[in-house]
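Here is a short tour of a structure for you to follow alongside the coordinates. Let's start where the chains meet and then look inside one of them.

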Amino acid sequence: MSETLNRESLLKAYRIMRTIREFEERVHTDFATGEIPGFVHLYAGEEASATGVCMHLTGDDYIASTHRGHGHCIAKGVDPVGMMAEIWGKATGTCKGKGGSMHIADLSVGMLGANGIVGGGGPLICGTALAAKIRGTQDVGVCFFGDGASNQGTIFEAMNLAAVWKLPAIFVAENNGYAEATSSKYSVPCENIADRAPAFGMPGVIVDGFDFFAVHKAAGEAIRRAREGGGPTLLEVKLSRYYGHFEGDQQTYRAPGEVQKLRETKDCLLQFRRRITADGEITNEQLDAIDREVKTLIDDSVVRAKADPKPAPADLLTDVYVSY
Amino acid sequence: MARKITYQQAINEALDQEMARDPRVIIMGEDNAGGAGAPGEEDAWGGVLGVTKGLFHKYPGRVLDTPISESGYVGAAVGAACNGLRPVAELMFVDFIGVCFDQIYNQAAKFRYMFGGKAETPVVIRAMYGAGFRAAAQHSQCLYNMFTHIPGLKVVVPSNPYDAKGLLIQSIRDNDPVIFLEHKVLYTMEGEVPEESYAIPFGEANVAREGDDVTIVAFGRMVNQALTAAAALQNQGIHCEVIDPRTTSPLDEDTILESVEKTGRLVIVDESTPRCSMASDIAGIVAQKAFGALKAPIEQVTAPHVPVPFSDALEDLYVPSPARIEAAVTRVKEYR
Ligand SMILES: Cc1ncc(C[n+]2csc(CCOP(=O)(O)OP(=O)(O)O)c2C)c(N)n1
Ligand SMILES: [Mg+2]
């Protein structure tokens, strides 16, 4: 099994990854009916990254997420029921229906928001990390971003700033091979995103993002270093998204069968299940029970989201400094 | 009968015809082709909503997909414009201006004046704008007023396919930096568009509907909302003149002032938030230059002063509706 993870933690990790998968598969299905408004970017396939990182975090640590944010939210402890209502544009949503899929945030659990602006989270996480440092807490900030975002000026500036100020920040580059329809083979001219880390004077680490244990271990080291005052790390997680850039993307830029092969051979849930049941301490039946509970939770979240009220007209003018 | 195409096709055709006519024209942006470096189809997207589809293969080497580095490639387009090209850089959503604005407002906009008239910067920045897609606060803004504020920039807001084609051709031929803003809700709008190439000069408003009772000045998508309202008001015996300035900079003040001299009543419809908006700008101009003609207070129909909300229930209230325009027109018409 794993030296650092006890049975309880393993079951927790499985539950989180399963919840993300179930949530995303369900949004995918429901989006196809035309009932879910707006742009939706799904995280299915990448669960081991958010989970492997966030398992090390407390509610006082901050994360900044991306447009593909549902997985980060769930892993950081945002309530999936509120998230589903948010995606459906309901008053009961995490952000009262004002933000939607791309802007789910819950600062009470250290989730600084999904983000509609690619690279928007980097500087913000420098700020939460700076605050932690100045206030003398042990808290860290984690910025999740994509291979595409790795080319954004804000991310370069943030990494430099974090290194200059030795901030307790971790930059998690989720390299899923594509930014929209553009391959990272085109947009990232060096072999790995992590190869850029030495130029910023920080460690760069590469992990297999289908392997929860690899992510968990590498993230653990980076986060421990940050908590101990050792400064930032760039962690590149190599993974894949199972669905299109956004729902509705025909994905003709991908190779035929690309995703199917990954689902069958490398899927993070599949690998995780195989590994934790290998010595018989955790059984398939236990995991099946979690699957059923998670399914009930997500089914229920959809039933509630559908039935919940939309925001009231008066809500248009609230939550802003002076409206007219 | 004239041929009908969509707003989106009209934009594609303008780019196509200018690229065919002038080898200095290049286009660039994220996924303007799509599929770069990927194992599947090339030109897979042709822009996030397919506006530039087909140009990649037709003009080899002149359709550049970019990394997500807006400051980098928008600035590169400006530099290339200083060195003999006529680049059209696409910003996808205008909201992304935040990460590259310096290259536009401190660099491109200022060169000609700041360098004593010795520089020309024939660059076009294309971007889609506007609410209505449930795309929430960071993908729905209406920022033409922000660009209009900057001396040195020209700002174009076509309201229909015919204007989109003619104004984009003019934008590419123009020697100053042009911000060309496409309302995403209009992409599917059909209209009559000549097949041949034509340019619509900047600073010439289109009188989209004639009338003697009330002047409505509207921008972009709001022109169509105003025309819907005007048609309904006609049944109540109120005859509206609907003016579409087509460019916010330069602005055709004369056409607006002449209309107000005739009607004495003005409603301005602007999808952006109200402070420092085109609505407040035009209200100021008319209050100063046509004060004597006014028979009623000027009405401004705008979005509320809040970010664009996600939920359809709120977004539908956010965007100025024909009903709100009708109510404003009725108020100014009845004012004594
Ligand atoms: C500043 C900015 N530029 C462009 C976009 C449009 N956009 C949204 S997601 C995306 C691709 C992001 O790719 P990546 O960072 O690899 O994340 P992934 O979608 O693969 O998770 C782009 C170009 C944006 N939202 N913000
Ligand atoms: Mg990516």
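How many salt bridges does the rule find across the interface of chain A and chain B?

## Ground rules

This is a predicted model, in which local features need pLDDT of at least 70 and side-chain atom pairs count only at pLDDT 80 or more, while totals for chains, interfaces and linings use all residues. Residues are numbered from 1 along each chain as its sequence is written, chains are lettered from A and ligands numbered from 1 in the order in which they are written, and side-chain values use heavy atoms, with hydrogens and water left out.

## Where A meets B

To answer the opening question: the rule finds 1 salt bridge across the interface of chain A and chain B, where a salt bridge is a side-chain nitrogen of Lys or Arg within 4 Å of a carboxyl oxygen of Asp or Glu. Here, K310(A) and D312(B) pair through their side chains, at 2.9 Å from N to O.

In contact terms (heavy atoms within 4.5 Å), 49 residues of chain A touch 46 residues of chain B. The buried area is about 3,500 Å², and carbon and sulfur atoms give 65% of that; this is the accessible area (1.4 Å probe) that two parts lose on being put together, summed over both.

## The magnesium site

Three residues coordinate the magnesium ion (ligand 2) at 2.0 to 2.1 Å: D147(A) through OD, N176(A) through OD1 and Y178(A) through O. Donors are N, O and S atoms within 2.8 Å of the metal (3.2 Å for Na, K and Ca); water is not among the atoms, so sites may look incomplete. Along the chain, the donors of this ion follow the spacing D-x28-N-x1-Y. D147(A) sits in the loop between β2 (141-146) and α6 (153-164) of chain A and Y178(A) in strand β4 of chain A, so the pair ties together parts 31 residues apart in sequence. Helices (H or I, at least four residues) and strands (E, at least two) are DSSP runs, numbered from the N terminus.

Over all chains, a search of the whole structure finds 38 salt bridges. One joins the side chains of K98(A) and D319(A), at 2.8 Å from N to O. The two residues are 221 apart, with K98(A) in the loop between α4 and α5 (121-135) of chain A and D319(A) in the segment after α11 (284-307) of chain A.
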